Amino acid sequence: DVKENIDKLHDQVEGALAHREDMVMGSRPLEGHKVQETVSLLKNNWEKLNKLYKDRLKRWKDCSSKWQKFDLDHKALEEWLNNAESTLKLSESEPAAHRQKLRDLVEDIPLQEVVLGRVNSAGEDISQMSTPDDALRLRSQLKLLNTRWANVCQELRERKRRSAEARTAATEIEEDMGSMLGWLDKAEGVLAIPLQPPEPQHIRDTLSKVQTRVAELPGKKLAVENLNARQNMLTLPADKHKDIRGINTRWAQVSKALPERQLEIEGLLKELLKLQGQLEDLSAWASSTRTKLEQSPEEPPPNLIEDVQLKKPEVEFALERANQLYKETPPGWLDKGKYAKLSEDWTVILELLQQHKERMAAAYVSKKAHEAPIGSSQAESAAFQQFNKSWAELTDWLKMLDNMVQNKQVVVADLDDINENICQLKASLQELDKRRPLLEKQVTAAQNLKNKTSNQDTRNAITERIDKLQTHWEDSQTKLSDRLKQILNMLQDSTNWLDAKREVDYLIKQASGRLESWQEITYTADSLKRQHTDLRLFMKELKQWHGQVAETNALANKLLTLYANDDTHKVTQVNDNMLATWTHINKRVSDREAAVEAGLKLLQQFYLDLEKFLSWLMEAETTCNVLIDATNKERLQEQPEAAKRLLAQWK
C-alpha cells in the first residue's frame, strides 16, 4: 500500500517541483518567497519519505531473508533433534542395532551446534524487530529448542562416556582373559611334565613347579570369579563369551588336577627315596651273598640258604617295583644300574642255589645207589655215576641255552645284530638236534638202572631226574623255536620301518629345503598374496605327507610294543628325532602362516583406516567451511559470545 501511494504521489510531487521556478517568477515577491519555502519543504519531506520507505523496505527484506533462513535452520534442527530423541529411545531396548547411529549423532554435534547458533542469533534479531507478543512467542520457541538441544547433547555425551567406559572395561576383561589363558597354558604345561626319569631331583623339581601353581590357585580362583561377574555386566561379542566358557572349563580341570598331581608326586618321591634305600641295602647284601656262594659252591655257609629264603619276598618286590619305575629309563641311569646289578646278583644267587640243590639230589641218588642190596655189583655203581655225570652235563648245557634266550637282548632295527642272533639261534637248534641221541641214550640208561635196582627211593629219584631232563629239553627247544620266530618277525618289522623311515627322511629333506629357501616376509599387497598362496600349497603337501609320517610312527610303536623286552633305544631315538623334526617343520609353517595372515589383516585394516581417515578429513573440511561461512555471514565481530563458541569449535 505504501508503495502504491508513493507511486501515485510521485508524478504530482515531481510536477510541482518542476514548476517551482515558473510559480516563483509569476508571483509577487512576498508570495514568491512563500512559494520558495513551501517547495523546499515539499522537497525535503519527499526525500525523507522516500528514504524512510527505502530503509523500511531494506529492513523488511533483511528481516524476510533472516526469517527464511531461520525457518529452514529451525526445521532442520528440529528434524535432527527428533531423530536424535527417537534413536536414543530405541537404543535403550536395542543398543547394538543403534550403536552406529549414536556414533554418527555424536560426531554431528559440532555441525548442529553451528546451526543452533544461527537459529538463536536470527531469532534474537527477529524478536527485536517484532511486536512484543510475537517476540515473546518466538523466544519461548527458542527456549524450548535450546532445552531439547541441551537434553539431547547431555544424553549423547553420557552415552559416549558409558561407551568409553565399556570399551575400557572390555579391554581390561580381554587383558585379564589373556593373562588367565597364559596361566592356564603354563599350568597345563606343568601337569604335562612326565615323571620320567624317576630320579629324585627331577621329581623334586617337578614337585616344586606344581606346588608353585597350587599356591596360585586361590588368587586365580578370585580372578575367574571376577571375570565371570564382569562378563554378566558387560555386552561382549559371542566369541568372547565362548572364550570365557573355555576358560571356566579349563580352570575346573586344572584346579582339580593340580592338587591331585601334587599328592601323586609327593607319594612317588617318598616311594622313590624308600626304594633307593632298599636297592642300596639289598644290593650290598646280594653282592656279599653271591660272593660267598661263588667261593664255596659245594658247601654254602651255615644259615645262608635260610637267609636267602627270608630275603626273597623283599628282593622280588623291590625288583618288580624298580622294573615298573625304570622300564623307560635310559640304560646309563644310576638308579637303573643299581637295579640291574641287584637283578643280576639275585639271578646268580638263585642259580647257584639251584645247582646246589641239584648236587644234593645227585648225592642223594648216589648214596641210595651205594646203599643198594649186597647183590648190587660194582658195574651198577659205575652206571649210576655215569648217569649222574651225563645228566648234569646235559642240564648245564640246556641252562646255558635258556640263559641265552632269556637274557640276550637284540638291538631292534639293527639288521646286522638281528641277523647275527638269527644265525646263533639256528646254530643252537641244530646243536640241539645233534645232541638228541644223547638225551635218548640217557633215557635208556635211566630205564636200565631202574630195572636193575629194587630200591624204590632210588627208582623214584631216577624217574624224577629223567622226567625233569626231558621236560627241560622240550622246554628249551620250544623257547629257541619261539625266539627264532620272534627274531625273524623282528627282522621283517624292522625292515618295514627302516624302509618307511627312508621315505620320511626324503620328505623331511624336501620340506627343510623349502623352509631354508624362505625369505623375510615382504609386507606389500602382491607379495603377501603370493606368499600366502605358496604357503597354502606347501601346507597342502605337508598334509599329504603327514600320512607317511603317521604310518612310520605306527610301525615304530609296533616295534616298541612287540619287542619291549629287547633293546629298543635305536627305534626310540630315531623315531623321536623324526617326530621332533616333523613337529618343528609344522610349527615353522604354522608361525609363517600366522605372520602372513597377520600381514594381510594389517594391510586390510590399513585401507579401512585410510578410508575412514579420508572420510573424517572430508567432514572436517565441511565443518571448517561451515564455520568460515558462519564467521563471514553472522557479523561475529558484533557478537563476542557467538564468536567465542565458534572459536572453541574451531580449536
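This structure holds 1 cavity of 30 Å³ or more. A cavity here is a set of points, on a 1 Å grid over the protein atoms alone, where a 1.4 Å probe fits but cannot get out; lining residues have an atom within 4 Å of a point. Grid points are joined across faces, edges and corners, and a volume is the space filled by probe spheres set on the points.

Some ground rules. This is a predicted model, where local features need pLDDT of at least 70 and side-chain atom pairs count only at pLDDT 80 or more, while totals for chains, interfaces and linings use all residues. Residues are numbered from 1 along each chain as its sequence is written, and side-chain values use heavy atoms, with hydrogens and water left out.

The volume of the largest cavity is about 60 Å³. Its lining consists of M404, V405, K408, V410, N421, Q424, L425, R483 and I487. By class that is 5 nonpolar, 2 polar and 2 charged; Ala, Val, Leu, Ile, Met, Phe, Trp, Tyr, Cys and Pro count as nonpolar, Asp, Glu, Lys and Arg as charged, and the others, Gly among them, as polar.

Which helices supply at least two residues each of this lining? They are α11 (378-407), α12 and α13, helices being DSSP runs of H or I, at least four residues, numbered from the N terminus. The largest share, 3 residues, comes from α12.

Now the helix pair. The axes of α12 (residues 415-452) and α13 (residues 456-517) come within 10 Å and cross at roughly 165 degrees. Axes are lines fitted to C-alpha atoms over the stretch in contact, with angles from 0 to 180 degrees between N-to-C directions. α12 is therefore roughly antiparallel to α13, the term for angles over 145 degrees. Their contact has 21 nonpolar, 10 polar and 8 charged residues.

How values were computed: Parallel < 35°, antiparallel > 145°, perpendicular 65-115°, else oblique. 1 Å grid on protein atoms, 1.4 Å probe; cavity = no way out; pocket = protein on both sides within 12 Å on 5 of 7 lines; lining within 4 Å.
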